[in-house]
Amino acid sequence: MQASESFRRQFAGYGVLTAEILYRMPDHPALLQSFLWQTEDKAPQFPELRRFLAYWEREIEALIHSVRVAHKDLIGPMDVRYAKGEFLIH
């Protein structure tokens with residue numbers, strides 16, 4: 001049995017990337033618009049985001065104003081907490 005591609009990518013350091021792209025359309029340059037994009041990507045190089053932004057600049061007429069990035073690894077140290085009491089219900 002083989003692991004899924006997504007699972008292998010998580011072990012390779014990929015995590016969830018959320019990018020907020022602020023942009024302006026040529027016909028409404030005074031209006032700043034927002035596009036939210038989410039994918040799996042690898043920090044800190046962000047190859048998927050770079051590929052997407054290159055596509056945007058090549059194929060879409062909208063001019064990018066700024067990009068804000070949030071990233072969270074999917075696999076990390078376990079968070080373990082011990083209970084200091086026991087509660088009986090019923």
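Colleague: Let's start with Phe52: is this residue buried or exposed?
Modeller: Happy to begin there, keeping in mind that this is a predicted model. The relative accessible area of Phe52 is 16%. A residue counts as buried under 20%, so Phe52 is buried.

Colleague: How many aromatic pairs does the structure hold, and what is the angle between the planes of Tyr23 and Trp56?
Modeller: The structure holds five aromatic pairs. In the one made by Tyr23 and Trp56, the ring centres lie 5.3 Å apart. This pair is edge-to-face, because its planes are at 65 degrees.

Colleague: How many residues apart are Tyr23 and Trp56?
Modeller: Tyr23 lies in strand E1 (residues 14–25), while Trp56 lies in helix H2 (residues 47–59). Their pair links distant parts of the chain, and the two are 33 residues apart.

Colleague: Are Tyr23 and Trp56 buried or exposed?
Modeller: Tyr23 has a relative accessibility of 12%, and Trp56 has a relative accessible area of 4%. With the limit for burial at under 20%, both Tyr23 and Trp56 are buried.

Colleague: Which ring does the charged end of Arg9 sit over?
Modeller: The charged end of Arg9 is 4.2 Å from the centre of that ring. The ring belongs to Tyr14.

Technical notes
Residues are numbered from 1 along each chain as its sequence is written. This is a predicted model: local features need pLDDT of at least 70, side-chain atom pairs count only at pLDDT 80 or more; totals for chains, interfaces and linings use all residues. Side-chain values use heavy atoms; hydrogens and water are left out. Rings of Phe, Tyr and Trp (its six-membered ring) pair if their centres lie within 6.5 Å; planes under 30 degrees apart count as stacked, over 60 as edge-to-face and the rest as tilted. Helices (H or I, at least four residues) and strands (E, at least two) are DSSP runs, numbered from the N terminus. Buried means under 20% relative accessible area, exposed over 50%, partly exposed in between (1.4 Å probe, protein chains only). A charge sits over a ring if NZ of Lys or CZ of Arg is within 6 Å of the ring centre and within 35 degrees of the ring normal.
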